Amino acid sequence: MVMGFCSTTFLFLVLSIVFSPTSVSSSPTRLSYSDHCASIVPESTPTRPEFTTSRLTGFSAGYFTGGTAILDQNSSSYSSGFSQSLTFRTRSLHATETKGVYKVEALLILSSDGTYYYGEGLDRRRSSFPRLEGFWSESSGELCMVGVGSVSSHGGKLRLSAVLKLSNVKSSSYITDLVTGTLESLGSSDDSSSFDPISIFFIPVMNYKYSLSSSSTGCAASETPSLSTNFMNSICSLLFLEQFELEYPHNCDPSRNCSPFGGNIGYLPQFISIRGVHCSEDEDKLHVMVKFQNNRYDYYRTFNPSTTLIAEGSWDGEKTRLCLVACRILTDGDSPADARIGDCSIGLSLTFPEILSIRNRSSVVGEIWSSKTVNDTGFFSKIVFRSLRNRIPGIPGQRYEYTEIQRAGKLLLKKKPAEKKGETYPNGYPSDMQYDMSVRSSRHQMGWAYLQLITLGDKFNDPYVQHLNSLEESSVAVAIERKTMNVSYRISLTLNPDVKFGDIIPDSSNFSGVQTTVEISAEGIYDAKTGFLCMVGCRKLSSSHQTYSSDSMDCEILVNLQFPPLNSKNRIDINGSMESTREKSDTLYFEHLDLSAYSSYGARQSIWRMDFEVIMVLISHTLSCVFVGLQIFYVKKHSNVLPSVSLLMLVVLTLGYMIPLVLNIEALFLGSHDWQNGMLESRGWLKADEVIVRVATMVIFLLQVRLLQLTWAAKLREGHQKGSWAAEKRVLYLALPSYIAGCLIALFFNRRNNEYGDAGSSYSFPDYQQHVLWGNLRSYAGLVLDGFLFPQILLNIFSSSTVQALSHPFYVGTTFVRLLPHTYDLYRAHNNAISVNGSYIYANPGADFYSTAWDVIIPCGGLLFCAIIFLQQRFGGRCIVPKRFRELETYEKIPAVSCESDS
């Protein structure tokens with residue numbers, strides 16, 4: 001036992017050394033601070049760490065131009081097609097012998113995006129200086145630092161050295177403050193790492209002082225009922241995640257007075273987003289950036305000053321709205337170093353409607369206006385903006401009001417199908433009632449639709465939590481009992497570029513293939529007795545300059561859906577339709593559309609199945625422990641059989657348990673998970689299940705190591721007396737080429753699958769090849785484990801052994817454990833229509849060959865191997881070899897014996 005535990009300990013030490021992450025530290029080249037910065041902030045000796053981090057916390061957002069040699073970005077001032085951003089973070093701050101002078105260590109990252117490559121999406125180049133060092137004078141506001149860094153791109157990494165010079169770095173800041181400066185290369189002009197000077201500016205946040213939040217900008221009281229509750233403690237995080245759609249008045253001129261930027265940026269922004277800079281919950285005030293965007297995807301772009309306002313504001317309890325004052329970022333030249341913040345004549349307000357309806361789904365409604373007169377430069381007409389999401393979770397007090405239920409009820413009576421006995425339908429579980437659906441007309445595929453459940457009765461559906469959030473006492477329970485429920489949906493249509501939908505006419509110049517998005521608000525009645533949903537829909541008309549009103553909505557839309565039964569044994573599609581109730585001659589009329597999707601009830605079935613599979617895994621591992629333990633007990637009782645046990649067989653079994661442990665060691669100890677687990681963790685025990693399964697695997701692994709150690713020690717003691725080592729070598733010489741040949745066959749089929757496989761895979765081609773290759777190798781390794789008795793059969797043949805080396809419970813029981821998953825897979829394939837990707841715990845298709853054919857072939861092969869072992873241990877190792885070969889082996893031995901007798 002001591003030897004066993006020692007060998008086990010040694011094995012784990014080896015594994016920890018091999019698989020532990022290694023790091024190579026190298027100190028960057030030291031640059032002389034005095035040579036480059038002495039004239040700006042003289043160097044001083046550090047004395048103590050400065051723990052008051054608010055002195056120089058860093059900057060919230062930054063912008064730069066220049067550096068084209070290393071970042072390949074458009075160097076023109078404030079290019080709207082590109083986005084250059086900076087990140088500056090203070091690592092440490094030390095006081096020095098000179099009062100008001102501090103030693104600073106910081107991180108600087110420059111990012112540039114805007115260049116697109118086919119098949120690879122947005123390309124972003126980054127230049128990073130992980131450890132800049134220098135000194136900051138609090139009194140003069142000057143900061144000078146030197147350091148080395150690198151730039152990464154498709155060509156690899158290039159080493160850089162630079163000096164950073166910043167001005168106006170103060171320990172406190174106001175809305176009009178900007179930190180400006182340059183980043184200059186210290187490399188020689190003929191060096192590939194040299195770059196042009198980079199002009200930069202930052203928006204500071206150190207000890208921010210509100211100075212304009214109380215200014216009067218005409219923030220009027222709300223015209224619609226608004227929530228009066230002050231919830232500044234959550235409003236910042238809510239707004240920073242939201243996007244808003246802009247609505248311009250009819251009389252604005254896009255080239256002059258429509259947006260705060262006039263016609264200078266070359267387009268009329270359609271969306272805005274509010275990005276966080278600073279939020280003071282104690283003062284009920286916030287300091288933000290308001291980003292104007294041309295499309296929804298610009299939300300992910302970094303800071304662009306040409307389309308950004310800097311604002312600060314506070315919650316006005318009397319007017320029940322959030323009021324802000326915004327300023328423009330101005331520049332007198334082409335360099336960001338000349339930028340300044342001014343012209344704070346722009347006002348913003350945000351309200352939170354108390355009542356939502358089919359015609360007003362926006363949880364946040366706001367306005368942007370200019371306090372200037374019509375003839376003043378920079379004046380623009382008032383703009384309305386609304387949140388894109390129907391409801392932002394976390395805003396208390398909002399409620400939904402159904403206004404089209406009577407129309408939907410009349411239509412339901414005409415269209416709903418007859419009830420069927422014994423069938424049950426979804427009764428309010430959100431994942432059963434929202435889908436991605438295919439949209440087709442009578443002639444061709446038109447696009448896709450996503451149906452998102454907004455309310456069920458008086459309850460709102462929180463998309464981030466798998467239950468409905470109640471905002472007030474509701475009648476949902478009564479509605480469910482009656483089997484009819486009021487519901488509301490958001491329907492997002494994504495239409496192909498050539499599709500006409502009402503007043504949306506295809507653009508013949510749209511060569512880029514950009515799809516059209518149509519948002520429809522719908523509400524109606526769901527009948528849980530028949531699974532039929534009937535709704536009336538409304539959509540905003542396509543005119544981008546039209547103000548929002550009931551006249552700008554098309555509410556003559558009818559949506560029907562038929563959900564399949566929950567207790568159906570077969571996969572049944574969800575079918576539905578969308579049609580216009582207008583006359584064909586009406587310009588808003590659109591043709592009948594068919595909706596279809598697979599039901600997602602399999603997600604819940606997968607959760608139930610996973611619980612069962614965890615039990616199956618634990619049972620299998622427990623049985624494996626018992627069978628290996630019985631073999632250990634057997635060989636200790638009959639120690640003479642150990643030399644007849646195949647080492648290769650034990651190595652295969654041991655590796656079969658060791659490799660999963662090594663590959664999942666991070667998941668075992670750190671609890672890392674794939675993205676799929678987010679939905680499946682609603683079971684509550686997923687992490688615990690994984691740990692239990694891996695602990696059980698480790699126990700079996702240790703027992704296999706102990707059995708391997710006993711067999712190895714016995715063969716060493718025996719030496720070459722009985723030729724067991726020679727037989728073992730012959731097994732290796734035959735089995736190893738067989739395994740390699742099987743692996744090559746797997747690679748061959750992998751190559752064919754790559755040539756004729758799915759070209760629409762979400763992987764890039766090299767990643768897809770690697771993914772499929774790894775999957776095939778894993779499956780082949782599972783097949784080798786299923787045939788673990790193959791080396792033992794060869795050893796019995798070569799050694800002509802009649803020793804019962806393996807106990808019956810060990811080889812029969814282990815075979816049973818290996819073959820049981822294939823039997824279960826046959827059952828699962830015929831009784832589970834859908835499975836969530838990545839949710840397999842037992843009989844994982846990625847860990848073995850699983851299909852109807854393989855699930856028959858592999859068990860038959862395993863049972864055949866068991867029968868062969870039984871016959872060999874009863875009648876001799878060569879009992880399965882044809883008789884003439886057995887006689888040939890006997891004849892080969894006779895001359896050797898006769899020669900010995902003659903001598």
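**Chat about the disulfides and strands**

Modeller: Let's start with a link: Cys327 and Cys344 form a disulfide, with their sulfur atoms 1.9 Å apart. A disulfide here is a pair of cysteine sulfur atoms within 2.5 Å. Mind that this is a predicted model, where local features need pLDDT of at least 70 and side-chain atom pairs count only at pLDDT 80 or more, while totals for chains, interfaces and linings use all residues. Residues are numbered from 1 along each chain as its sequence is written, and side-chain values use heavy atoms, leaving out hydrogens and water.

Colleague: Okay. Which parts of the chain does the pair Cys327 and Cys344 link?

Modeller: Distant ones: Cys327 is in strand β14 (residues 321–331) and Cys344 in strand β15, 17 residues apart. Helices (H or I, at least four residues) and strands (E, at least two) are DSSP runs, numbered from the N terminus. The link is right-handed, with 105° about the S-S bond.

Colleague: How many disulfides does a search of the whole structure find?

Modeller: Three. One of them joins Cys37 to Cys144, S to S 1.9 Å.

Colleague: Why is the disulfide of Cys37 and Cys144 left-handed?

Modeller: Because the torsion about its S-S bond is about -60°. Cys37 sits in helix α2 (residues 33–37) and Cys144 in strand β6 (residues 142–153), so the pair ties together parts that are 107 residues apart in sequence. Both cysteines are buried.

Colleague: And what about Cys538 and Cys555?

Modeller: They form a disulfide too, with sulfur atoms 2.0 Å apart. That link is right-handed, with 120° about the S-S bond. Cys538 is in strand β26 (residues 532–540) and Cys555 in strand β27 (residues 553–562), so the pair ties together parts 17 residues apart in sequence. Cys538 counts as buried at 1% relative accessibility, and so does Cys555 at 7%.

Colleague: Back to β15. How many bridges join strand β15 to β17?

Modeller: Six, and the two run antiparallel. Two strands pair if DSSP finds at least two bridges between them. β15 covers residues 339–351, and Leu350 stands opposite Gly366 in β17.

Colleague: Which residue in β18 is the bridge partner of Glu367?

Modeller: Val384. β17 and β18 (residues 383–387) pair in the antiparallel sense over four bridges. β17 itself (residues 365–370) is mostly covered, with five of its six residues buried.

Colleague: New topic: which residues form a nonpolar patch on the surface?

Modeller: Leu732, Tyr733, Leu736, Ile740 and Leu744, with about 510 Å² of accessible area together. Patches take residues with over 30% relative accessible area and no salt bridge, joining like charges within 9 Å and nonpolar side chains (Val, Leu, Ile, Met, Phe, Trp, Tyr) within 5 Å. A salt bridge is a side-chain nitrogen of Lys or Arg within 4 Å of a carboxyl oxygen of Asp or Glu. Areas come from the Shrake-Rupley method with a 1.4 Å probe, and for residues only the protein chains shown count as cover. Tyr733 lies in helix α12 (residues 724–756) and is exposed at 59%.

Colleague: How many helices and strands are there in the chain?

Modeller: There are 17 helices and 29 strands. Buried residues make up 48% of the 903 residues.

Terms used
Buried means under 20% relative accessible area, exposed over 50%, partly exposed in between (1.4 Å probe, protein chains only).
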